[in-house]
Amino acid sequence: MAKARRDPLTLDLLSWQPKQPMSPVVPTPARAAEPEGWRLAERISLSVAAALRDSDMPRDEVARRMSEFLGEDVSAHMLNAYASQARDDHNISFARLVALSHALGRLDLLDTGARLLGGAVVDQRYLPAIEEMILIDEIEEREQRRKQLRPRWRGR
């Protein structure tokens, strides 16, 4: 069978390249989708698996860095177990999750639990801006309360 001739007026969609590298909107790596009904242990193992998969670092190097950080032995086999949703008997401890976050340079690993509590883990450099916004919100709330009280005491 002869190969079909290419239409010169039709663009090849697979050959398209962006003019400039696209910058990420979010500073942390993209997170895998976490279905609502999943248990916390499953969400954490999914986050661990995604972080290990996204890393260019071999798992034995990640394990070595974690071991150094913790002062205890962590193996690549343990990392594989922590990353498996099927291994209910091998949930990563918080100390090891912190060590993994440190080894990979991924603060977002600690965010999985915080989001379930309505919070977020943020880089320390953003704390002054967050504190300022909290103060602004408090000032606005107090001003609203003052406006509500003013007619009550002025009328006396």
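## Burial and S101

A residue counts as buried when its relative accessible area is under 20%. In this predicted model, S101 has a relative accessibility of 7%, and is therefore buried. S101 lies in helix α4.

Which residues does S101 contact, leaving aside its neighbours within four places in sequence? They are R106, L107, L109 and L110.

## The chain as a whole

The protein chain has six helices and zero strands. Read from the N terminus on, its elements follow the order α-α-α-α-α-α.

Of the 156 residues in the protein chain, 22% are buried. Among contacts in the protein chain with a separation of 6 or more, 51% are between residues 24 or more positions apart.

## How α1 packs against α4

Two packed helices are described by the angle between their axes and by the distance between those axes. Helix α1 covers residues 40–54 and helix α4 covers residues 94–104. The angle at which they pack is about 20°, and their axes are 11 Å apart. Angles under 35 degrees count as roughly parallel, and α1 and α4 are therefore roughly parallel to each other. The crossing in which α1 passes α4 is left-handed.

Which residues meet where α1 and α4 pack? From α1 come V48, A51 and L52, and from α4 come L97, L100 and L104. By type, the residues of this contact are six nonpolar, no polar and no charged.

## The largest nonpolar core

The largest nonpolar core has 19 residues. Those touching the most other members are V48, L52, V62, M66, L79, L100 and L104. Helices α1, α2 (59–70), α3 (76–82) and α4 each supply at least two residues of this core. Which helix gives the most to the core? That is α4, with five residues.

## The surroundings of L79

Not counting residues up to four places away in sequence, L79 touches L52, R59, V62, A63, M66, V74 and L100.

Definitions and conventions: Residues numbered from 1 in each chain as written. Predicted model: local features only at pLDDT ≥ 70, side-chain atom pairs only at ≥ 80, totals over all residues. Heavy atoms only, no water. Axes fitted to C-alpha atoms, helices over the stretch in contact; angles between N-to-C directions. Helix = DSSP H or I, 4+ residues; strand = E, 2+ residues; numbered from the N terminus. Parallel < 35°, antiparallel > 145°, perpendicular 65-115°, else oblique. Left-handed = near helix turned anticlockwise from the far one by under 90°. Contact = heavy atoms within 4.5 Å. Nonpolar A, V, L, I, M, F, W, Y, C, P; charged D, E, K, R; others polar. Core = buried A, V, L, I, M, F, W, Y, C linked by side-chain atoms within 4.5 Å. Buried < 20%, exposed > 50% of the residue type's maximum accessible area, 1.4 Å probe, protein only.
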